[in-house]
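Okay, thanks everyone for coming.

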Amino acid sequence: MRNFTYLRVGSVEEARRALGQAGATLLAGGTTLLDLAKCGVAEPETVVDITHLSGLDAIVFDATGVTIGALAKMSTVAADRGIREQFPAISESLWQAASAQLRNMATIGGNLMQRTRCPYFRDPVAFPACNKRAPGSGCAAIGGATRHHAVLGTSEACIATNPGDLAVALVAFGAEILLGERRIAADDFFLLPGSTPQREHAIAPGEIITAIRIPASAAARRSTYLKVRDRQSYEFAAASAAVGLALEADGRTIRDIRVALGGIATKPWRAHAVEAALKGQKLSREAIDHAARLATEGAVIHGDNRYKTCLTPRVIARAIINLKLRGIA
Amino acid sequence: MTDRTIPLRLEINGRSHALEVEPRVTLLDALREQAGLTGTKKGCDQGQCGACTVHVNGVRVLACLTLAAQVEGRSITTIEGLGESELHPVQAAFLEQDAFQCGYCTPGQIMSAVACIREGHAGSDDEIREYMSGNLCRCGAYPNIVAAVRQVAEAMR
């Protein structure tokens, strides 16, 4: 890891000013930044430590939803009683991510800024070609070992999977990211790679995530996050689904359904086609299976990741059935 | 550029340590190389194995992904600070249950286990496995580690 200048700031304003310097980057939990600095992917000149700021870690509920400060720890949000009651999928996405130690370190804001775990991206020495790291240099993943790479939202420049869990749940329930005064829908915050995979977030230089806003809804209250992976814990998703379901008074007709997917796409993936196919329908195994299959229409396979197109509809179906079985839908 | 150092005062195991470190120095390296506390182990050095687990303000974190500068003013506990005159109950349980083979991951396992029990995440074997999953043991002592954690958790109920 190259050396850098360390700057501890006392206010968001001070942090913004410090970020104006060339090569300056924010340090929150540090779990991505220090990891990538050790890999030689991140080479900051100045590290701006915001972990000593106060007042940016509150979880505040009101009549229409919750606002979570950017410096709230993943573990704190996962365990929060209000989050567990009103947004179970948010809590579940958090405690199924990373490990207990990492969740005690990583912040909600930093979690959204985490980078892909594409092994080609993370190893500049062995794999100089990476359009995300060095725009225009090519993509070493295409034609390589692609078991964990994306099948949706890819481009000829990049097939790296977005590794987020929380972000998937945020996209499902229409959350907004607050950047000081500016707010942006979570779905628009994450960018498709297209021809510019180096740009992953709709955040301008000098902007800082200050909070996340999640609107309350019946679907969010009756929600779950199902994560299927190569090992039971402490692993990224092979495929995951955040699902929320609200039924009409008859207990069978689907009034509202939210489905977003992780582990299979270049950004947290809202499955609009699945939602549209189920809305207004009677809840049945046939309807669920039929709709779930729409999730991976248009998937582009690269070698080893074909299984994701088979696994994903099953994960969606299982998540919806789990909600029904729990009796909370 | 590499000669940039900063003075730091860290509170480790109840004692104050004055250090002079480069900003890039992690808490793990500061503990081992500067404070002379080599009980905290360097396994992967990239947040994947848990061997470097320590407590900061009573919360378990990875020392390899924490900058020393970041934890100035916080209270740091390492394996050396767990039980100075006698073994901590979790240390004793690890011995009793033979919860290790080579022992390299053990300080991290024990620091993690102490926090896991304190958090209330040791209610069943499944819960212990889930909340201890950030600590890898390549000797495969997992069943004995779970037994040690369960033994202490049950004794405290």
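This is a predicted model: local features need pLDDT of at least 70, side-chain atom pairs count only at pLDDT 80 or more; totals for chains, interfaces and linings use all residues.

Let's start with what α3(B) packs against: its buried residues sit against α6 of chain A, and also against β3, β4, α2, α4 (125–131) and α5 (142–156) of chain B. A few terms before I go on. Helices (H or I, at least four residues) and strands (E, at least two) are DSSP runs, numbered from the N terminus. A residue is buried if 20 or more other C-beta atoms lie within 10 Å of its own, exposed if 12 or fewer, and partly exposed in between, with the C-beta atoms placed from the backbone. Two residues are in contact if those backbone-placed C-beta atoms lie within 7 Å.

Residues are numbered from 1 along each chain as its sequence is written, while chains are lettered from A and ligands numbered from 1 in the order in which they are written.

Back to α3(B). How many of its 14 residues are buried? It's 12, so the helix is largely enclosed by the rest of the structure. Among them are T106(B), P107(B), M111(B) and C116(B). Just after the helix, G120(B) takes a positive phi of about 85°.

Now hop across to chain A. A100(A) lies in helix α6 of chain A, and with 27 C-beta neighbours inside 10 Å, A100(A) counts as buried. Which residues does A100(A) touch, leaving out those up to four places away in sequence? They are R60(B), C116(B), Y131(B) and G134(B). And C116(B), you'll remember, is one of the buried residues of α3(B). Within its own chain, A100(A) has its C-alpha 40 Å from that of G280(A), which is 180 residues away along the chain.

Zooming out to the contact between the chains: 21 residues come from chain A and 28 residues from chain B. On the chain A side, the elements giving two or more residues are β1 (5–8), α2 (33–39), β3 (46–49) and α6 (100–105). The largest share, 5 residues, comes from α6(A). By class, that side of chain A has 9 nonpolar, 9 polar and 3 charged residues. For the classes, Ala, Val, Leu, Ile, Met, Phe, Trp, Tyr, Cys and Pro count as nonpolar, Asp, Glu, Lys and Arg as charged, and the others, Gly among them, as polar.

On to chain A as a whole. It has 13 helices and 12 strands, and buried residues make up 53% of its 329 residues. Its radius of gyration is 20 Å, which agrees with the value near 20 Å that a compact globule of 329 residues would have. That radius is taken over C-alpha atoms, and the globule rule is 2.2 Å times the number of residues to the power 0.38. Chain A's C-alpha atoms fill a box of roughly 60 × 50 × 30 Å along the principal axes.

Next, domains, whose bounds come from an automatic or database domain assignment. Chain A is divided into domain 1 (5–49) and domain 2 (223–326), with their C-alpha centres 37 Å apart. Chain B has domain 1 (6–81) and domain 2 (89–156), and there the C-alpha centres lie 21 Å apart. The contact between the chain B domains takes 14 residues from domain 1 and 11 residues from domain 2. On the domain 1 side, β3 (53–56) and β4 (59–62) of chain B each supply at least two residues.

Most residues other than glycine have a negative phi. Y234(A) has a phi near 55°, and so does D98(B). Is each of them buried or exposed? Y234(A) is buried, with 20 other C-beta atoms within 10 Å, whereas D98(B) is exposed, with 12.

Last, confidence. The model scores ipTM 0.97 and pTM 0.97. Mean pLDDT (the predictor's confidence in each residue, from 0 to 100) is 96 for chain B, with 98% of its residues at 70 or more.
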